[in-house]
Amino acid sequence: MQRSGIPYILGFCIAICLVCAVVVSSSAVGLKERQEINKILDRQKKVLTVAGLLGEGEAASAEKIQSLFTKRIKPVIIDLKTGQENAEATKNAASFDQQKAQKAPVLSTEAPQNRAGVRRIPNQAMVYQVSKNDIGSDEAAFELTQYIFPIEGKGLWSTLYGFLAVAPDGNTVKGITFYEHGETPGLGGEVDNPSWKAKWPGRMMFGPAGSSADTWGAAKLTVKKGIAGSPAEDPYQVDGLSGATITANGVTHLVHFWMGQNGFGPYIRNVLSQAG
């Protein structure tokens, strides 16, 4: 076969494509487990960060993340409709994948029309309880400092996935973070900006302390267009994102949805009624 002929060129190109396809496929399969482990570690790091157990952007080894997460974080699985913990499911919390459950018709229900763009609601969801002390296997050592709720909703270009930390009073925000989104860098992507996230702690989610239980599940906190006051002066609003009104509105909508009656509202109402 002539090496300058069309058949040779076509054959060479096909051979190269096949070799590359095999290499890429093999790499994808071989690295899949490592990618899943890294994804879990990244989410655990985000949980620890929003809980204040790791500094924003702090470098931490996989061993440190796993150790700190095990000692200070207690994942529990709840039934969203009732707001009750599912003790049996909690035993297998380490293998629970809320996003997969949300996509599976047998493990989720269709969401009512909502401005957060949530299409399906998982029957069960994860809540992270944060302890002041190292707990290990000693349940008696557990001292609750905050709840961390997974949140998600539509921004301008993407679905934002993150965590919202709330104090034991079920009302005071402790922090917010996002671990996955495709918003425009410098605009909607400012949801990752530490200075913007630092404006959330101390804001109020539902209303004044001592409000009627009926208020739980009707969140008031809003990302406004413009500059909000301090948490003491303006407890129900957070600074907007300049040039990213749609993303900012998306954050408001996703917070309202997941803290509402179709999200974690029933759970918050339950734990507060049990506490008081």
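Q: Which helices and strands each supply at least two residues of the lining of the largest pocket?
A: This is a predicted model, in which local features need pLDDT of at least 70 and side-chain atom pairs count only at pLDDT 80 or more, whereas totals for chains, interfaces and linings use all residues. Residues are numbered from 1 along each chain as its sequence is written, and side-chain values use heavy atoms, with hydrogens and water left out. Helices (H or I, at least four residues) and strands (E, at least two) are DSSP runs numbered from the N terminus; on a 1 Å grid over the protein atoms alone, a pocket is an open set of points where a 1.4 Å probe fits, with protein on both sides within 12 Å along at least five of seven lines, and lining residues have an atom within 4 Å of a point. The elements that each supply at least two residues of this lining are helix H1 (6-50), helix H2 (62-72), helix H4 (98-103), E5, E6 and E7.

Q: Which element gives the most to the lining of the largest pocket?
A: The largest pocket holds about 870 Å³ of space, a volume being the space filled by probe spheres set on grid points joined across faces, edges and corners. Its lining comprises 33 residues, with Ile40, Arg43, Ala94, Phe96 and Tyr128 nearest the centre. With eight residues, the element that gives the most is H1.

Q: How many charged residues are in the lining of the second largest pocket?
A: The second largest pocket has a volume of about 240 Å³, and of its 13 lining residues the closest to the centre are Gln102, Gly117, Arg119, Glu152 and Tyr161. Asp, Glu, Lys and Arg count as charged, Ala, Val, Leu, Ile, Met, Phe, Trp, Tyr, Cys and Pro as nonpolar, and the others, Gly among them, as polar. Besides three nonpolar and five polar residues, the charged residues in this lining number five.

Q: Which residue of E6 is the bridge partner of tyrosine 128?
A: Two strands pair if DSSP finds at least two bridges between them. Strand E5 (residues 124-131) runs antiparallel to E6 and is joined to it by four bridges. In E6, the partner of tyrosine 128 is isoleucine 148.

Q: Which residue in E7 stands opposite isoleucine 151?
A: E6 and strand E7 (residues 159-166) run antiparallel and are joined by eight bridges. A hairpin of four residues connects E6 to E7. Opposite isoleucine 151 stands glycine 162.

Q: How many of the 11 residues of strand E6 are buried?
A: A residue is buried when its relative accessible area is under 20%, exposed when over 50%, and partly exposed in between (1.4 Å probe, protein chains only). Tyrosine 147 and phenylalanine 149 are both buried. Strand E6 (residues 144-154) is mostly covered, and its buried residues number eight.

Q: Which residue lies over the face of tyrosine 236?
A: A charge sits over a ring if NZ of Lys or CZ of Arg is within 6 Å of the ring centre and within 35 degrees of the ring normal. The charged end of lysine 74 sits over the ring of phenylalanine 142, 5.4 Å from its centre. Over the face of tyrosine 236, at 4.1 Å from the ring centre, lies lysine 220.
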